[in-house]
Amino acid sequence: MNGLAALGRALRPRPAPDVPRALDLADIQGNILRPYGRFGFPVTRHVFFNIANAAGGRNFIGLISGAVTSAERWGAIDDATGLTAGRPLVAVNVAISYRGLAALELPTRTLAGMPEEFIDGMAKRASILGDIGPSAPAGWDPIWRAGLTAKETQVHVLVSLNARILPDGTPVPALEAGMAMLAQAASASPGVTLLTGHLGAHPDFQDSSAIMRRLPDGDVVPTAREHFGFTDGIGDPTFVGQYEKAAEAVEVIGAGKLVQGEPGWKPLATGEFILGHANEAQELPPTAEPWSFMRNGTFMAYRKLHQNVGSFDAYADAQAEWLQTAYGLASRDEARETLLAKMVGRWRSGIPIEIAPSHAQALALEKTWADIPAIEMKGESRSALETERLNAYNRLITDFRYNHDVDGARCPVAAHIRRTNPRDALDPLLAENGEPAGTALSNRRRILRRGAPYGDSTRREDAGEHGVIFMALCASLFNQFEFVQQQWVHYGASFNVGNDTDPLAGLARPGKKFVIAGDAAGGAAPFICANMPQFVETRGGEYFFLPSLTALRQIAEGSVDPT
Amino acid sequence: MPNYDAGHYFLTVLAPVRPDPFLVAGRMQSRRHALRDALAAMPTGERTAATQGAAPDNPFARSDFTHFARFFVLDDVVYNGRVPQDGLVAAILKHNPLTPQKIDRLSAPFLVFTADFDAAGGSDADLDCCLLRLWETMKAELTAIFQHCLGFAEVTDAAGFCAYIRKCRVETTMPFNDYWSATPKLKVFDTRPYIYAGIAAAALFVIGLFIWRPWLPVLGLLGLGGAVVVAYRKIMAAGARPFPVSAPPGPGADLPTVLKALEVQRGFTAFAIETQGKDAHALYDAFGAFIAATRPDDLASATQPPGVIGV
């Protein structure tokens with residue numbers, strides 16, 4: 001028998017060595033790999049088009065695809081000019097809705113092979129997404145409402161222009177040149193019209209921009225804050241091929257996956273975020289035919305989320321008063337900051353509550369790292385030492401897990417970041433002492449978040465235009481974006497919190513509450529935030545396909561061929 | 001165990017649908033059509049927060065012992081196509097791949113009725129108790145549905161209904177008791193005696209072959225078979241033993257207790273919110289008032305009615 005087994009082994013073909021294959025970055029749109037805000041493009045304009053004529057639409061795609069920014073690596077900084085080689089002044093990206101692909105007259109087999117949620121479009125998925133009540137499509141911005149009933153105003157193509165800024169905080173002139181290019185391409189393409197109806201100062205496009213801060217020297221620099229005052233955009237996932245090896249080792253910490261019983265963070269499978277590559281289930285994500293059309297593309301949920309800053313401030317003030325009494329805290333400010341940190345899972349500076357459970361600890365850490373905001377604002381002119389320090393800080397705020405906080409005494413189990421990215425919190429082994437838990441149950445539910453705030457919230461009231469343009473990029477909107485939104489933001493079952501929705505982003509039915517767990521060891525009683533109002537409301541959005549550069553060419557040529 | 005576990009009777013009924021058409025308003029209708037029509041007309045009660053207060057009465061909510069009930073029509077089994085065969089094997093055995101294979105079908109469409117009742121035990125008499133109460137509270141609905149099933153025309157009274165259901169009952173091989181939030185402490189089945197017995201029997205077999213005493217291998221084989229049979233019967237017997245009604249961590253899972261628990265839980269949440277931050281005296285008084293109003297031990301009043309969602 002042993003001889004036979006040995007013979008079998010000898011005859012069996014050896015597994016091929018694991019050949020690392022780099023992503024074809026020049027074929028992948030740049031916004032998939034890069035959150036532009038963090039890469040020095042704080043101002044974005046989203047421009048939407050309708051295609052009434054397929055030939056005109058193909059012509060339009062052809063005209064603008066030459067300007068599309070790919071995910072190619074940028075070079076080193078040129079000391080003379082201070083510019084990074086290969087980095088544009090304005091990054092351009094194109095996305096097409098299902099109705100847009102139909103308007104471009106793609107073959108029926110290609111259209112029919114698309115995922116059903118993408119075919120449905122965002123408005124039809126309202127009950128899954130919690131877009132009901134104040135978030136219902138009937139209350140969306142005119143541009144989003146108009147397309148629901150009339151074909152000639154359907155949103156078909158989204159072009160995003162992401163611009164760098166001048167020292168005074170205004171976007172570079174190339175942004176206006178980009179707008180002119182779009183207008184020209186549209187006028188040269190019969191049947192292609194720019195859609196209007198965005199609320200706010202610019203009905204022709206959706207403006208969004210990092211919230212800016214003026215420095216003592218008069219320069220204006222972008223911050224990472226959103227309108228509620230939190231630091232945003234920290235916990236984004238990292239996947240294989242996204243970064244070069246050296247950068248990956250830094251970026252993967254706290255952003256990749258944890259494997260049960262193995263040390264360290266590993267990048268997630270590429271196929272969770274880019275079609276045509278194996279995913280975390282060791283499968284190719286299902287796609288429409290032909291594969292050459294879908295490969296290196298991905299899907300994107302675009303959402304305009306209004307923030308009720310007045311309600312938020314008033315609620316935080318009122319609850320802080322209660323919390324101060326209940327917990328016997330020294331000041332109202334401490335109570336308010338603690339309350340907000342418990343709701344989100346991070347202090348407003350971005351420091352996780354898992355790392356700094358008390359306000360005093362958070363303040364101490366903020367003091368230790370007081371130089372970080374200035375380093376962040378320096379952008380590409382950071383020194384090597386400063387980059388190293390920034391990396392160390394980023395590691396501090398992302399490298400944590402929930403295995404020492406099973407009951408949520410530090411970070412409540414229903415806090416925003418623990419719900420939307422539970423890390424190891426859902427592992428059945430989490431509660432088993434000493435067993436290192438993994439992230440297997442959340443690896444397939446990750447989304448790449450893109451976007452920036454819009455509007456001005458200096459007047460702290462609900463009415464007005466202020467919120468966040470939120471984009472979720474993933475290989476499956478159903479398995480990733482919609483799952484997180486429905487099961488984790490709106491249902492409480494995964495976290496044993498009954499009907500409680502996400503304290504920040506969840507729908508608020510009458511009596512909405514959020515429980516801040518007490519500390520059994522410290523004897524602190526739980527605190528219940530009751531009767532929470534709606535803090536975030538949907539004002540529009542759609543599901544888009546982000547084609548590869550190859551796919552854009554196929555569309556322009558009319559050569560998408562599934563046979 | 002399968003039909004009865006931890007105080008719950010898990011009923012599975014497959015009633016064949018009548019083959020003859022149904023005459024309604026002078027028009028012939030397919031029985032499956034008529035049956036589905038009757039099922040669709042049955043009120044489902046509240047299912048989501050959206051139907052709260054607006055849903056018509058579910059007939060199962062007229063009594064308080066049904067945790068779960070579901071009707072559906074099973075048209076047929078799904079045909080999975082030909083049984084695949086290796087081409088080489090087919091050639092050697094001279095199987096002609098063009099010869100049609102038998103296509104599996106059910107003899108009739110079936111009405112499937114599954115339910116989870118509070119019951120005193122797993123005997124037929126215990127089941128009859130449940131069925132009698134159903135007949136008392138929702139005879140009209142049951143007749144409207146089961147009239148489309150074969151043999152139900154002869155059912156005229158409660159006893160007939162019990163007999164009919166028992167006749168159509170199949171064993172529930174995998175009951176689902178959803179009130180056990182923690183894994184009960186289970187006795188681990190000790191496999192060692194059977195493994196040792198198996199090894200001994202195998203050794204007898206081998207030794208017998210070596211020293212060629214023909215009765216030894218036979219004895220070994222018999223022993224091996226015996227060990228397998230005994231182990232199998234032990235495991236099946238252990239599986240057939242129901243969990244006790246309230247063994248630790250016994251959930252106390254009869255419907256009146258569950259409904260009361262939901263009401264108390266909801267009331268306690270409101271109480272906790274109202275009293276947070278209050279001093280010990282105020283809390284003590286408030287808790288006394290809460291207990292007096294909620295009456296946790298009283299299952300009959302201050303409780304949630306069946307068939308509604310409390311939210």
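I looked up two helices of chain B, and α7(B) and α8(B) are roughly antiparallel to each other (angles over 145 degrees count as roughly antiparallel). The model is predicted, so I noted its limits: local features need pLDDT of at least 70, side-chain atom pairs count only at pLDDT 80 or more, and totals for chains, interfaces and linings use all residues. Residues are numbered from 1 along each chain as its sequence is written, chains are lettered from A in the order in which they are written, and side-chain values use heavy atoms, without hydrogens and water.

I checked the geometry next. Helix α7 spans residues 255–275 of chain B and helix α8 spans residues 280–294 of chain B; their axes come within 11 Å and cross at roughly 155°. Helices here are DSSP runs (H or I, at least four residues). Axes are lines fitted to C-alpha atoms over the stretch in contact, with angles from 0 to 180 degrees between N-to-C directions.

I then listed the contact (heavy atoms within 4.5 Å). From α7(B) I have B:K260, B:V264, B:G267, B:F268, B:F271 and B:T275; from α8(B) I have B:L283, B:A286, B:F287, B:F290 and B:T294.

I turned to the chain pair. Seven residues of chain B touch nine residues of chain A. About 640 Å² is buried between chain B and chain A, 68% of it from carbon and sulfur atoms. Buried area is the accessible area (1.4 Å probe) that two parts lose on being put together, summed over both. B:I273, B:Q276 and B:G277 supply 66% of what chain B buries against chain A, more than any other three residues.

Definitions and conventions
Angles under 35 degrees count as roughly parallel, over 145 as roughly antiparallel, 65 to 115 as roughly perpendicular and the rest as oblique.
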